[in-house]
Structures are given as structure tokens and as C-alpha cells.
Amino acid sequence: MATKTTLIVSVLVMSLFSLSRELLLIILEELDPISLLHFCKSSQYIHGILASCSTLLYRYELALSGMKDGISSYYSPRARLEPLLRHRNGWLTLNWTSEDRLRIPTPTIVGVSGRFLYHASESSYHGLFQWSLHIYELRSYRAPPVDKLQYCKFNLPFEIRKVAIDAVQNLLVLAELHFPSEDGPITASLHFLDMWTCQQHPQAQNLRFQFQTDWWGTLPPGHRISIERVQICGIMVGLSVRLGVEEGEGTTELVLVNWHTGIDQQQRFTGDLLSFDILSESCLMVLTHPDEDEDDDSGDSAASTWERSSDGLYLHERGKRSPQITIHHIPDGRRLRSAQVISYDLPELWKAISFLQICPNTSLKPNVAPPTGTFFHSDPSQRATVILVEFPSHSIPASCSKKVALVMKESLFQPPGLGDRTLSWEEWQDRCTVIHLPDDSEAHAFEVVGRKLVFFQSVGEENCVADSQSRLQVLDFNDYAAECLRSIAPQSSAWSWNEKWATASKIFKAGASEFIRTSTTQVQSITWVDATEDAVILYNEREGQTVIRVLTFGDTPACL
């Protein structure tokens, strides 16, 4: 690193034009993609030299796109350059390369995990009822072409409530709920399976983990229990279970388990509004709406908010603070230590909220290797954390929209040291971008891919048959997204595209930063959206049928 710095300083001191082209190429080849990008922006002459060398140009475009080179590939940088540009420009304009369609009877659950699409529903086999799980590998132009995408079907004897897949570990986690026939606890189970055989994973000491909730017996009318999220991160699996009591009311329980040993962290987190993200095997993010008189940092934040009676749970209204992000240290996968916590307060005026969520980010986390042969992938150091906050219609703070997205780099949140610490909003707001989402339509299904936020907005009338008519939206927070957009059409201030879809792109200012919004200008039939690094997945449910469209961006390399 010192050698690179010395070379750069020498170049700055000397006239760039006094160095030979060969020497400049040697210097440029020593730079990492980010340093190469910054250096080339300092001189048109240097940029011209770079443009004549496909290897350097590929690395430059990687940094410009917020991407990182994949594991060593047989494909040369020159061959990978065109797929990179097609992938980037496809996302910027929502112009996909291929479309795969699947029409199925509306399943009980359907979704995407990793690079796989799944759906599951109940079926009858020889008079016995069972659950059928279908798993489809999704297409990718960021890897060498394959003759056939993988498909699996498994029959299981229990109702599948949630599916999580980690292809790097060949891990399939299935979640189910158990309701007692008499007065006993309601439990949630996680099954740790090999994703290709649906048998116990060879690294799992136990086939399943059982989590006993705080809820017992038969649920009263109007009460509903659901598994909100299952997340895999290395050896850790996070499980959140929610009890819905009234319209918009409820409580959520969160537990972490080491899937190798089947042992949980012996500590649960509870809250009226609670969302989580396992940042790494040693770092957990929890988003809550704590009570005014809460002093306990253990995570048992809202247990005293609810009182159990013979006919269910009842909420006791108490004063609330503003929402809070807490970062917990998980030392070596052992028990969480509540003393190791950093808390980040959200604005003081945001005390009255109706919804909180950490939007899942589907790109690779730091220290996770991409699949073998991957050409390029989103730079893990640039991953975005996006938090969605919604206010009640009668309590929207001044200068806020009803729904707000907070965007920040995930690298902001580091594992805490010993002791606890709280940062006020004023202390960290400069590292966060606040996006006020439009109030003229409902926004749904927020997904994050790297530094992109994907969602759709309904444009039909509420409760109308046509309410599946929606516009797809993609917000790109890559630091150089505006520059990438201008490279396609330099002279425009707003861009319109008419390829497979009619779409429009526009650059917006948010504080000191810029971001791109690309949206469809014509309505689409959408009832839900998923997103991966390669594709947008659109669902349209109607009359007992679900049509799934997988729109994939990129291009196949032309040569080695």
C-alpha cells in the first residue's frame, strides 16, 4: 500500500505528461478499482489511456457501478466488461434481457431466497395430505452459461410457514408452527436440511430447533400468529414470530440459534414493533420502538406492555420514545451480552409510528464468498441498510411524508466494544439519507439489492378489482449512479426509455447526495415484488392463479 501511495504522490509532483505511456500503465495496474476510479477522474489524459486497455477499463467500470470483481474466472476482463455494462444499464433503465414465466395455482407461500425461487402448498397423495415444496434456480448473466437451471421438488409432512436458502452452505431452513391440542405453549420449529436432498444437513447436530413462545393454548378469535422472518448468516439463524392482536397491533419475539449445534442464545428480544438483521456472525441489529420508562438494554423491551387474560392479550398504552436501532455483539456465537450494545436514536419527533421495518438486503454480505465462477457482484463494503418508517395519518411530523425510508451504509454499524453507548440522532444523522416517499399512492414490498431500493406503488383505487395495477420503482443510491446514467444519455435532465417497458429515470437530490429513481410509466399487473442482484420478480395473483415473471438483467459474455 505504501508503494502505491508513493507512486501516486510522485505522479502528482511530476507532470503527468512527462511520464511515458508504459510507465503510466504500470502505475494504473497497481491500483485497486476505487483508487483507479479516483485517479482517472483527476485527468482526462489518464482516462484516455485507461479507455484503451480493456483490463483497466473493466476495473474502472466495476468501481463506477458499485461492483466488485468475482472469484477468478476463465473469462477475461474484456469478456466480462460487456455483461457488466449491460447489467448496470439494464437496472438503470429497467430494460431486461430475458423473461421467464411461471403460472401456478396460487400457493400458500411463494418467494425468493438467495438465487432461488420457491413456492409451497398443500397437496393430496394417495389420500394423505402433505406439503409440496418447489425450488427453482434463477437465471444469472453474472456467471458462465449453464445447460439447465436446477429444479427440486420435495414432499414434507408439515405445513411450511417460511423458507430460507443459503446455497453456499447447501442449507435449506424450513419453519413451521405447532399449536397445542390442549393448554400448552405454541412453538415454532426450524428444520436444518440439505437443500439438494431435504434430509438433515450433515453439519447440523440436530434436525430441528424448537422455540417455545410466550403464547399458550388456543388463540382467541381475531388473534393470529405468524413467522415474520427467517434469516441465515453463517452459523447463525434468526427467527422472528409475531402475534397479531388487533388491526395493526401485536408483539414480536426474536431468537437466534446456532444451526450447527441447535443451541439458541438463551435470550429473546420482544417488542410491539421489532425488526432485525444479522449483520455478521458476531453482530446483530435490532430495530424497536421502546417505551418511555424502559431502562433495560437486554432486548426484553416490551414484555410488560402486554397483559395476559383468559381471552387473550391486551395492550396497555404507555408513553413511547422515538424508534431506536441497537447493535449487539455476539461473541464467538455464544450468549449475547447485553452490556455490549451501541444504540442509535431516530429523530425525537418520530415518537408516534405505526410501522417499522429493516428492509432485507439480498446482496452478499462482507466475508461471504460469491458462487464459483461469478464475474462480478455488488461491493459488500457499499451495502445499504434501509429502514422503513410509517406514521399514523393523524400524527405525521412536519416536513415528513406518511412513509419515510432511511438509507445508510451498513458499514456504519460496527460490533460494539465493552460497555454500552447511545448516539442521539444529531450525532449520526449526517451519515443517513432520509427519503420521503410520495403520499399520492401506496408503496409496498420494499427490497434492497446492494444500494438499490426496489418497490411498487399501487395506482388503482383502494379495494377495487384493478388495485393490482401498479408502477415498479427502483431507487439507486450508488455514489456514481448519476454519472452512469449520464453516460447513457449525457444531455438529458430526465430520461425516458421505450424498450421492453416504457420507463423514466430522474436524478434527485437528498441532502448532499444524489440518487436515481427509475420507474415504469405504464401500469403493470403487480401484487408483490421480489428482487435479486440479477432480476426483478413480479407476482400477479388473480382468480386462484399466480403468474410469476422473472425479468433478468445483463448479457452473456461474447468470448473468453
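**Helices and strands in a predicted model**

Good morning. I begin just after helix H6, where Leu 94 takes a positive phi of about 55°. Helices (H or I, at least four residues) and strands (E, at least two) are DSSP runs, numbered from the N terminus.

This is a predicted model, in which local features need pLDDT of at least 70 and side-chain atom pairs count only at pLDDT 80 or more, while totals for chains, interfaces and linings use all residues. Residues are numbered from 1 along each chain as its sequence is written, and side-chain values use heavy atoms, with hydrogens and water left out.

Let us look at H6 itself. This helix covers residues 77–93, 17 residues in total, and reaches 24 Å from its first C-alpha to its last. That is close to the 24 Å expected at 1.5 Å a residue, where the expected span is 1.5 Å times one less than the number of residues. Is H6 enclosed or open? Twelve of its 17 residues are buried, so H6 is largely enclosed by the rest of the structure. Buried here means under 20% relative accessible area, with a 1.4 Å probe and protein chains only. Among the buried residues of H6 are Pro 77, Leu 81, His 87 and Trp 91.

I turn now to a pair of helices. Two packed helices are described by the angle between their axes and the distance between the axes. The axes of H4 (residues 44–51) and H5 (residues 54–64) come within 7 Å and cross at roughly 115°. Axes are lines fitted to C-alpha atoms over the stretch in contact, and angles run from 0 to 180 degrees between N-to-C directions. Which residues make the contact (heavy atoms within 4.5 Å)? H4 contributes His 47, Leu 50 and Ala 51, and H5 contributes Leu 56, Leu 57 and Tyr 60.

Next come the strands. Strand E21, residues 341–345, is mostly covered, with four of its five residues buried. Strand E20 (residues 324–329) runs antiparallel to E21, and five bridges join them. Strand E26 (residues 420–423) runs parallel to E21, with four bridges between the two. Two strands pair if DSSP finds at least two bridges between them. Ile 342 of E21 is the bridge partner of Ile 327, and in E26 the bridge partner of Ile 342 is Arg 421.

Finally, the chain as a whole. Its secondary structure comes to eight helices and 37 strands. Of its 560 residues, 54% count as buried. Thank you.

Note on methods. Buried means under 20% relative accessible area, exposed over 50%, partly exposed in between (1.4 Å probe, protein chains only). Contact means heavy atoms within 4.5 Å.
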